[in-house]
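Trainee: I would like to go through how the terms are applied here. Please set each value against its cut-off.

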Amino acid sequence: MALPALVLLAAMLIWGVLAAAAQIRCVDAARVGARAAARGEADAAELARAAAPAGARVRVTPAADTVRVEVDAPCAAPGRLGGLLAVRVGAAAVAAREDVLVGVVEGGGSPWPA
């Protein structure tokens, strides 16, 4: 009688670990994409998508002096419960655009960015 409950508990714990791993991968992917976009690389979204979990959606939003990268991905539960207990995990990262930095003095003489 207790064996099915233990199997269900183990499956839910494994799903929790998989969801946490997917969340960490989303954070890493958002950081990779933000760094690449801040440097002005054209393939920043593709770099973020490569680091993200499968099925992730990547959005790159440039602003006047920053760039924001948002990554979100589905995380389904294991087995037949996958469709019912799916959650979305995601992360966002913001970086200062390097092509618009003005007034920065080498040697640290002024605040960044000016």
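Mentor: A search of the whole structure finds zero disulfides, a disulfide being a pair of cysteine sulfur atoms within 2.5 Å. This is a predicted model, where local features need pLDDT of at least 70 and side-chain atom pairs count only at pLDDT 80 or more, while totals for chains, interfaces and linings use all residues. Residues are numbered from 1 along each chain as its sequence is written, and side-chain values use heavy atoms, without hydrogens and water.

Trainee: How do you know that Cys26 is in no disulfide?

Mentor: The nearest cysteine sulfur, that of Cys75, is 9.1 Å away, and the cut-off is 2.5 Å, so Cys26 is in no disulfide.

Trainee: Why is Cys26 called buried?

Mentor: Buried means under 20% relative accessible area, exposed over 50% and partly exposed in between, with a 1.4 Å probe and protein chains only. Cys26 has 0%, so it is buried. Cys75, at 7%, therefore counts as buried too.

Trainee: Which residues does Cys26 contact beyond its neighbours within four places in sequence?

Mentor: They are Pro53, Val71, Ala73, Val89, Gly90 and Ala91, where contact means heavy atoms within 4.5 Å.

Trainee: Why is Trp15 called buried?

Mentor: Trp15 has 13% relative accessibility, so it falls under the 20% limit. Leaving out residues up to four places away in sequence, Trp15 touches Cys75, Ala76, Ala77, Pro78, Leu85 and Val87.

Trainee: How far apart are the C-alpha atoms of Trp15 and Ala77?

Mentor: They are separated by 5.7 Å, although the two residues are 62 residues apart along the chain.
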